[in-house]
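Please keep the sequence and the three-dimensional view at hand while reading.

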Amino acid sequence: MKTLARHAITACLVALASSASAQDVRITTFKTESTFTLNGQTFTIQREQDQSATLQGDFARTARACPPDCIQPIRVAEGVMTIGELEVMRYLESTVSDGTGLLLDTRGPQDFATGAIPGAVNVPAATLHEENRFRDDILRALGATSRGDGTLDYSTAMNLAVYSGGVWSGDAAQAIKNLLAAGYPPEKLFYYRGGMQAWVHVGLTVQTSANSG
Amino acid sequence: MIRTVVALFVFAVFICGLIVFRPFGGGDETVAQDRLGTPVEETAAANDEVEVTRAAPQDIASLAEAALQETAPLATDPQTGLIEAPRRVDVARPSTDDTRLSDMTNNVLAELGFAGVKPVTTNAQTQRQSTSEILAGIEAATGNTSVLQERDTLEAIVIAALRAGTSDEEIDQIVNTAAAEGTVAVPEILVTSDGRVDTHVLLTNIVTQAQLAAGGPAPSIPEATPENTQGMEVRVVQQATEAVQARFYTVQPGDSLGKISITFFGSVEHYEAIFEANRGLLSSPDRIRVGQRLVIPQIDNV
């Protein structure tokens, strides 16, 4: 009888503790989650509530061969704004939700499949290089329109927030350089320098699936 | 005492001055490098090897001409009065993709119904596939359908021409027109030093691979000598105990890396050996220029 009572008390305490901790790890003081819709589908981003959680797997690594994986500057190109996690969420809630922008994951398809920021679209950096004969097809899908003379008009092109593996990855920077070289206006580009590693480092929701949607 | 010290000091300063300013014989040391921008020859000769030049009947006139074509005339900057460094005038080149010529030829033969030839996936097809996946991803996010434009491929052009019995000259014209318009991409080793597509190599290689597929022998290695090959040069490098022949080839107008490979090794397959041996000169296999002096490697058991 006594043990049963003790179990009941423990269960109550655990329930209380877990309901309390659901409020403990917020995004900011007044924000517990970020919700947005992309082409009719709703996504929610929250933080990991287990305060003993640590980085696991590939993102726990601190050393990668440079080159190719070298530390990137804060300003990656003239006129391209660098953003952090809160700006990425605000961008998803406003620009992506209105259909005027996309979040691009510029890692390779295998890395993307292991987990990405919710709502991100996989466009590997190399596919935006001028050597890819299909680059213009991708740029048109991003909203650029063909002028008669073979060049592209970017006035209706989408805003793009671009990220890759982390501070140590040049993929996002390369994608931005490739886009600028193709004539993409810098004011439509945003660079999330922290990338996937910074995202998981603060325990934000990761979506695992092949391309979103 | 003080006088001696001062005298010694003055003498030392004088000597230092001589060393720094070199009033005598300074003119001899002006740049002996490559002012014309012609590729500086780097022989494989190691430090203590004795080099003997023999049997190199070079066509001096053509080399000089090549050197002239290679470099723009020296121009003087009107503001600074300095002579501007000569710039290489790069010819327009057809767009290339990293599809291998052998894969492409293989697919041409498969399409033409050669027994025993199975189509393979070329790099261009892989790229197309991954692009359509990317477009599907963007489509899922935006809800707008996007289309992957159909493009001509070199394969399709060649297959159609061979089926229609088009002559070699006409094939050359069709392929080069398409390449100049940028509608097709060609394998890198088909690009010539004057920016055209080497359809001769393309067609020769189809014949070679067709023979191989039919169980024929591999093409024999031709005997290239300076007498029968313009631009070729042979040097004998004397090493400790034996004399080694080093072969060089100066790129002629209209050469492609595929052609050079056929000249020296009988087929296009060994272009990579030539490319690797000349990495310092060639940034990629399609970047060959008239007048470049390439080392032709020795390949064992070809």
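The model is predicted.

**The contact between chains A and B**

On the side of chain A, 19 residues take part in the contact, and chain B contributes 18 residues. Two elements of chain A, strand 5 (121-122) and helix 4 (135-141), each give two or more residues to the side that touches chain B. Helix 4 of chain A gives the most, with four residues. Sorted by class, this side of chain A consists of eight nonpolar, eight polar and three charged residues.

**A covered helix in chain A**

Helix 5 of chain A spans residues 171-181 and is mostly covered, as eight of its eleven residues are buried. Among these buried residues are A:Ala172, A:Ala175, A:Ile176 and A:Leu179, together with A:Asp171 and A:Asn178. The elements of chain A that cover the buried residues of helix 5 include strand 4 (101-105), strand 8 (159-163), strand 9 (189-192) and helix 6 (195-201). After helix 5 of chain A comes A:Gly183, which has a positive phi, near 105 degrees.

**A helix crossing in chain B**

Two packed helices are described by the angle between their axes and the distance between the axes. In chain B, the axes of helix 3 (residues 101-111) and helix 5 (residues 154-163) come within 10 Å and cross at roughly 40 degrees. Helix 3 of chain B is therefore oblique to helix 5 of chain B. The crossing of these two helices of chain B is right-handed. The residues that meet are listed in the table.

| Element of chain B | Residues in the contact |
|---|---|
| Helix 3 | B:Met104, B:Asn107, B:Val108, B:Glu111 |
| Helix 5 | B:Leu154, B:Glu155, B:Val158, B:Ile159 |

By class, the residues of this contact between helix 3 and helix 5 of chain B are five nonpolar, one polar and two charged.

**The nonpolar cores**

Which residues have the most contacts inside the largest nonpolar core? They are A:Leu104, A:Val162 and A:Ile176, in a core of 49 residues. A:Ile176 is also one of the buried residues of helix 5 of chain A. When neighbours within four places in sequence are left aside, A:Leu104 is in contact with A:Ala120, A:Val121, A:Val123, A:Leu160, A:Ala161, A:Val162 and A:Ala175. A second, separate core has 37 residues, including B:Ile171, B:Val184, B:Leu190 and B:Val191.

Conventions. Residues are numbered from 1 along each chain as its sequence is written. Chains are lettered from A and ligands numbered from 1 in the order in which they are written. This is a predicted model: local features need pLDDT of at least 70, side-chain atom pairs count only at pLDDT 80 or more; totals for chains, interfaces and linings use all residues. Two residues are in contact if their C-beta atoms, placed from the backbone, lie within 7 Å. Ala, Val, Leu, Ile, Met, Phe, Trp, Tyr, Cys and Pro count as nonpolar, Asp, Glu, Lys and Arg as charged, and the others, Gly among them, as polar. A residue is buried if 20 or more other C-beta atoms lie within 10 Å of its own, exposed if 12 or fewer, and partly exposed in between; C-beta atoms are placed from the backbone. Axes are lines fitted to C-alpha atoms, for helices over the stretch in contact, and angles run from 0 to 180 degrees between N-to-C directions. Angles under 35 degrees count as roughly parallel, over 145 as roughly antiparallel, 65 to 115 as roughly perpendicular and the rest as oblique. A crossing is left-handed if the near helix is turned anticlockwise from the far one by less than a right angle, and right-handed if clockwise. A nonpolar core is a set of buried Ala, Val, Leu, Ile, Met, Phe, Trp, Tyr and Cys residues joined through C-beta atoms within 7 Å.
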